[in-house]
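These are my notebook entries on a single structure.

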Amino acid sequence: MKKFLSNYKSTIILLVAIIVGAIVGVAFKEKATILSPLGDLFLNLLLVIIVPLIFLNITTAISKMKQPKRLGKIIASIIGVFVVTSIIAVLIGFASTYFVKLVNTEDGEQIKASLEEVVDDETAEEMTIADRTVNLVTVNDFSKLLSKDNIIALLVFSVIVGIAINMSGEKGESFRRVLESANDVMGNIVKIIMYYAPIGLGCYMASFIGTFGSSIAVGYLKTFLIYLIVSVAFYFIMYSVYAFIAGGKKGVKAFWKNVIPATVTAMGTCSSAACIPVNIEATKKMGVPADIAETTIPLGTSFHKDGSIIGSVFKIMFLVGLFGTSLATTGEVMGVLGVALLANLLITAVPIGGGTISEMLIITMMGYPAAALPILTIIATIIDMPATVLNVVGDDVSSMMVTRIVDGKDWNK
């Protein structure tokens, strides 16, 4: 019990603060807005660190990437399995939320108006798709990269800098070490800000619900319950299907016989990285060769997260319901699916603050105001445990499918 409380201490504190904030908002209604400055303080701290957080994390991550010493077939199989299963996860997440409005509110326009900043963009409607794309991925002045409004351009620039450091070889090492040192400092800044998170999120929740009604609180509860149901169904049904595809009935039996330790560890630690040792051991017991297990699991921990991808869809659909965004056309639906995939596949390798960067990417690409960031932070907190379980166990069954591709259909016989 002590270990459980130790591992979940920060999450429990955040959940308690959010619940208390919701109760205060429901009880005191408009009077709860007196707490708004304390919530705004947390939001401002988050927004201030977004730009340096993205630049330092992405740049250092890219600069440290080396050629994997693994067989090309294994790497190619891992990439293929990760992409296919990620697409399936995002489709299931969308299907489970499309016909269910996660949050019911008549105040969408009022909420949007209260959150978004005034932007003068009279020529936006006259721009072509090509012009919009150029403006999305680049800016015409270096100083504009320092704005949270140009997140995609900052991502592109960070990747280019990381590649350039690699190309510079030894001459780029000193610059890389400076960035790594700055990145470590940024990690501690994030920790300091998160000490204030319970107060900030609690006050934000109280003010938000006090202003716009209890339907928001009901929306969070509905989001958690639906996500939990989808997660349980995905865990038992989809992973059984994947195991059967990988190794038939014998594969299913081996999977469920050995996956429980990884599941329990994920629930107990709420950390994908902490589950790497037990995950590798579990996959070996399933019959996965050591070279595949020891490659797939670490890569999966960084780049393959079924639970987080489904969670991204839920975050997007929550905002869609909150702001009354239209999803009437195929293009709008594909946009949601694409953003959910990109928000995870491009960001999951980020070691510090990846969740915040992913959420900011969702907000930017969907055209929502940056002030909506705490809304997604709250959702990420309440779905953390089931999401981690899917992230971890998904790597186990993925390693089985990679083995099926590399070693053939008789790999477990």
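**Entry 1: a threonine**

I began with Thr381, which is buried, at a relative accessible area of 11%. Buried here means under 20% relative accessible area, exposed over 50% and partly exposed in between, with a 1.4 Å probe and protein chains only. Thr381 lies in helix H16, residues 373-382. Helices (H or I, at least four residues) and strands (E, at least two) are DSSP runs, numbered from the N terminus. I then looked up what Thr381 touches: leaving out residues up to four places away in sequence, the list is Thr11, Leu14, Leu15 and Ile18. Contact is taken as heavy atoms within 4.5 Å.

**Entry 2: basis of the values**

I record that this is a predicted model, in which local features need pLDDT of at least 70 and side-chain atom pairs count only at pLDDT 80 or more, while totals for chains, interfaces and linings use all residues. Residues are numbered from 1 along each chain as its sequence is written, and side-chain values use heavy atoms, with hydrogens and water left out.

**Entry 3: the whole protein**

I found 17 helices and 0 strands in the protein. Of its 413 residues, 49% are buried. Among contacts between residues at least 6 apart in sequence, 82% join residues at least 24 apart.

**Entry 4: H12 against H17**

I next turned to helix packing. Two packed helices are described by the angle between their axes and the distance between the axes. How do H12 and H17 pack? Helix H12 (residues 290-303) and helix H17 (residues 384-407) meet at an angle of about 135 degrees, and their axes are 9 Å apart. Axes are lines fitted to C-alpha atoms, for helices over the stretch in contact, and angles run from 0 to 180 degrees between N-to-C directions. H12 and H17 are therefore oblique to each other; angles under 35 degrees count as roughly parallel, over 145 as roughly antiparallel, 65 to 115 as roughly perpendicular and the rest as oblique. From H12, the contact uses Ile292, Thr296, Ile297, Gly300 and Thr301; from H17, it uses Asp395, Asp396, Ser398, Ser399, Val402, Thr403, Val406 and Asp407. By class I find 4 nonpolar, 6 polar and 3 charged residues in the contact of H12 with H17. Ala, Val, Leu, Ile, Met, Phe, Trp, Tyr, Cys and Pro count as nonpolar, Asp, Glu, Lys and Arg as charged, and the others, Gly among them, as polar.

I checked each helix by itself. H17 is mostly covered, with 19 of its 24 residues buried. At 1.5 Å a residue, the 24 residues of H17 should span 34 Å, and the 35 Å between its end C-alpha atoms agrees. The expected span is 1.5 Å times one less than the number of residues. Just after H17, Gly408 has a positive phi of about 95 degrees. H12, with 14 residues, reaches 20 Å from its first C-alpha to its last, close to the expected 20 Å. Its buried residues are Ile292, Ala293, Thr295, Thr296, Ile297, Gly300 and Thr301.

**Entry 5: H11 against H12**

Helix H11 (residues 276-285) packs on H12 at an angle of about 140 degrees, with the axes 9 Å apart. This contact is formed by Ile276, Asn279, Ile280, Thr283 and Lys284 of H11 with Ala290, Ala293, Glu294, Ile297 and Thr301 of H12. I count its classes as 5 nonpolar, 3 polar and 2 charged residues.

**Entry 6: three further residues**

Where is Gly251 found? I located Gly251 in helix H9, residues 215-258. Gly251 is buried, with a relative accessible area of 0%. Beyond residues up to four places away in sequence, Gly251 touches Ala243, Met400 and Asn412.

Ala340 belongs to helix H14, residues 330-345, and is buried at a relative accessible area of 0%. Setting aside neighbours within four places in sequence, I list Val90, Ser312, Val313 and Ile316 as its contacts.

Last, I looked up Lys29, in the loop between helix H1 (2-28) and helix H2 (36-63). Is Lys29 buried or exposed? Lys29 is exposed, with a relative accessible area of 51%. Most residues other than glycine have a negative phi. Lys29 is not a glycine, yet has a positive phi of about 50 degrees.
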